[in-house]
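Let's take a walk through this model together, going from sheets to helices and then to the open spaces. Please have the viewer ready and follow along.

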Amino acid sequence: MIGPVPQPGILEISPYVGGESKAPGVAKPARLASNENPFGPSSAVLEAYARAAGELHRYPDGSASALRAAIGRHHGLDPARIVCGTGSDELFALLASSYAGDGDEVLYSRHGFLAYPIVARSAGATPVAVAETNLCADVDALLAAIGPRTRIIFLANPNNPTGSYLPMGELRRLLAGMSAEVMLVLDAAYAEYVDRDDYGPGHELVDQFPNVVVTHTFSKIYAMGGIRLGWAYCTPAVADVLNRVRQPFNVNAPAMEAGIAALNDAEHFARSRTHNDRWRPWLADKLANLGFTVHPSVANFLLVSFRPYDSEEVRLFLKARGVLVRQMASYGLPDCLRITIGTEDELMQLMAGIEAFVGRNAPPSRP
Ligand SMILES: Cc1ncc(COP(=O)(O)O)c(C=O)c1O
């Protein structure tokens, strides 16, 4: 007897595996595997979250109007065109299932964020990984990959796990070359960390093109990954669609209060940015000095090739010392590990671990 059969494509999904959070025998490991802000959220966020506990018997405001107004004020955007979600992951899934379906294609860059192929397959569509150049999305390759069945292009900008980004000129070139019937989702999860004149999350593109959506998250610089809060800035037509398909109370009340508090704490934001600006180049230099290839990153993590060593051996050695970093085999980058910019102490622990590994292991000769 066979039971209910899932929709086509569902059993082809490789479930997402998150970064590790535990190291056996280590009470408080250095958690550098999930691109979290090591400082944790602002104290104002914790207070707002606690305050919301008094009203847990009440349904939240299903329209998230206070949060959307706060986001709108903060970024100079029309709140009517903002849709909030339970993490940006929820918004990717809603966009995929609303705009792509059976027989359609969803493009993403070869080493793009792994949530994209998952939401594409969940919607019944086929995810198509498009070649990159030097671990960066390639506009010409994306344009060449667009076909009659292409419905959505998901681009993380900056991208996780590579840390690379597409400048505004390249995004405009992509949009100029593609049909307005194909949606471009710009996932700006790490936008707040970028310090480049030619970068922007792309809000103005949403105003200028009918087919652009920009998503943001409170999980990264605002350090609220556990709360699950994200938002999308879209055209009125896309906002209308998302508001039809989302669950009526998709964002919980404490998350909304916490989100508003986070936007109001400029000091916590600046401290987090300054820390990252200081320690990312520090770590990149240290690793490069040991002979490892550090891919250029504008975000709060580094992608590092540990060749000629076996990266999995390095990862397990670090884990045994209580330092957790992310394996990259699932992204097709088996030589690499991804390392989040942690606190100063955590980074010292990391470097001590890597130096100990190198000290104990002569580099294997590899072809
Ligand atoms: C590129 C990218 N987009 C989105 C997310 C997830 O965002 P959220 O926590 O809002 O679902 C991540 C988390 O790692 C990410 O790396």
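Two strands pair if DSSP finds at least two bridges between them. Helices (H or I, at least four residues) and strands (E, at least two) are DSSP runs, numbered from the N terminus. This is a predicted model, in which local features need pLDDT of at least 70 and side-chain atom pairs count only at pLDDT 80 or more, while totals for chains, interfaces and linings use all residues. Residues are numbered from 1 along each chain as its sequence is written, and side-chain values use heavy atoms, with hydrogens and water left out.

Let's begin with strand β10, residues 230–233. Across from Ala 232 of β10 stands Thr 215, and Val 214 has Tyr 233 of β10 as its bridge partner. Strand β9 (residues 212–217) runs antiparallel to β10, and 4 bridges join them. Strand β2 (residues 82–85) also pairs with β10 in the antiparallel sense, over 4 bridges; here Ile 82 has Tyr 233 as its bridge partner. Which way do the residues of β10 point? Gly 230 and Ala 232 point one way, Trp 231 and Tyr 233 the other, and all are buried, that is, under 20% relative accessible area, where exposed means over 50% and partly exposed lies in between (1.4 Å probe, protein chains only).

Now zoom out to the sheet. Its 7 strands form an open sheet with mixed pairing, in the order β2-β10-β9-β8-β7-β3-β4. At the edges are β2 and β4 (126–130), each pairing on one side only. From one strand to the next, the twist averages 20 degrees. Helix α8 (residues 236–245) lies across β2, β8 (183–187), β9 and β10, at about 30 degrees to β2. For such angles, axes are lines fitted to C-alpha atoms, for helices over the stretch in contact (heavy atoms within 4.5 Å), and angles run from 0 to 180 degrees between N-to-C directions.

Another open sheet has 4 strands in the order β11-β12-β15-β14, with antiparallel pairing. Its edge strands are β11 (293–295) and β14 (326–327). Between β11 and β12 (residues 301–305) there are 3 bridges, and Val 294 stands opposite Val 304. Helix α10 (residues 266–289) lies across β11, β12 and β15 (336–340), running at about 10 degrees to β12.

Next, look at Phe 39, in the loop between β1 (30–31) and α1 (43–52). Phe 39 counts as partly exposed because its relative accessibility is 26%. Not counting residues up to four places away in sequence, Phe 39 touches His 268, Arg 271, Ser 272 and His 275. Phe 39 and Gly 342 are 303 residues apart in sequence, yet their C-alpha atoms are 8.3 Å apart in space.

Finally, the open spaces. The largest pocket holds about 450 Å³ of space. A pocket, on a 1 Å grid over the protein atoms alone, is an open set of points where a 1.4 Å probe fits, with protein on both sides within 12 Å along at least five of seven lines; lining residues have an atom within 4 Å of a point. Of the 24 lining residues, Tyr 16, Ser 34, Asp 89, Phe 113 and Lys 220 are the closest to the centre of the largest pocket. Helix α3 (residues 87–99) gives the largest share of that lining, 3 residues. The second largest pocket has about 350 Å³, where a volume is the space filled by probe spheres set on the points, joined across faces, edges and corners.
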